[in-house]
Amino acid sequence: MVDNSILVRLLRQLTVESDRFAELFGERQRMHRTDLNALALIMDARWTGEPMSPSRLAEAMHLSASATTSVLDRLEASGHVERTRSTHDRRKVELRVYDKALDLGRAFFTPLNEALTQAWEGFDDAEKEVVARFLAASIEATASVRAGLVE
């Protein structure tokens with residue numbers, strides 16, 4: 001039987017390994033971890049259908065407006081992100097990831113994606129559904145506790 005302490009330990013180990021992998025990417029691209037996190041949030045926003053704005057990014061990262069501006073200045077200078085005016089409301093600024101940044105990420109992370117895909121081949125669809133629910137619940141619980149600590 002797998003008890004909760006084993007699950008917590010495994011999640012922690014996965015987090016550490018994921019962090020190490022992301023840090024290696026950051027070192028190779030000469031990017032600070034904060035910049036990597038911002039880039040990931042901007043990229044993930046593409047899947048929600050709502051473009052990331054500087055204010056949403058600041059809120060998501062718990063950064064001041066000036067700190068967020070510094071992060072975006074670095075990401076823009078390195079050719080990863082651009083700030084553009086919204087086509088729907090010219091008063092709003094939207095953050096977009098350049099194709100170059102996506103290509104760099106793909107080149108680095110594809111071997112990990114392939115290894116994970118191979119590791120998961122032994123799981124059927126029903127098992128993957130349970131794992132997905134487990135991970136989503138774990139993310140939600142972590143975000144909830146973190147939000148409580150920030151307030």
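Student: What should I know about the model first?
Tutor: It is a predicted model: local features need pLDDT of at least 70, side-chain atom pairs count only at pLDDT 80 or more, and totals for chains, interfaces and linings use all residues. Residues are numbered from 1 along each chain as its sequence is written, and side-chain values use heavy atoms, with hydrogens and water left out.

Student: Why is the pair of Phe25 and Phe108 called tilted?
Tutor: Rings of Phe, Tyr and Trp (its six-membered ring) pair if their centres lie within 6.5 Å; planes under 30 degrees apart are stacked, over 60 edge-to-face, and the rest tilted. The centres of Phe25 and Phe108 are 5.1 Å apart and their planes stand at 55°, so the pair is tilted.

Student: What makes this pair a tie between separate parts of the chain?
Tutor: Phe25 lies in helix H1 and Phe108 in helix H5, so the pair ties together parts 83 residues apart in sequence. Helices here are DSSP runs (H or I, at least four residues), as are strands (E, at least two), numbered from the N terminus.

Student: Why does Phe25 count as buried?
Tutor: Buried means under 20% relative accessible area, exposed over 50%, and partly exposed in between (1.4 Å probe, protein chains only). Phe25 has 5%, so buried is the label. Phe108 has 15% and is therefore buried too.

Student: And how do you know which label Phe21 gets?
Tutor: Its relative accessibility is 24%, so Phe21 counts as partly exposed. Phe109, at 30%, is partly exposed as well. Phe21, Phe25, Phe108 and Phe109 form one aromatic cluster.

Student: Why are H2 and H4 called roughly perpendicular?
Tutor: Axes are lines fitted to C-alpha atoms, for helices over the stretch in contact, with angles from 0 to 180 degrees between N-to-C directions. Under 35 degrees is roughly parallel, over 145 roughly antiparallel, 65 to 115 roughly perpendicular, and the rest oblique. The axes of H2 and H4 come within 10 Å and cross at roughly 80°. They are therefore roughly perpendicular.

Student: Which residues make that contact?
Tutor: Contact means heavy atoms within 4.5 Å. H2 brings Thr34, Asp35, Ala38, Leu39 and Ile42, while H4 brings Val71, Leu72, Arg74 and Leu75.

Student: What does Leu75 touch, leaving aside its neighbours within four places in sequence?
Tutor: Leu75 is in contact with Met31, Asp35, Ala38, Leu39, Ile42, His80 and Val81.
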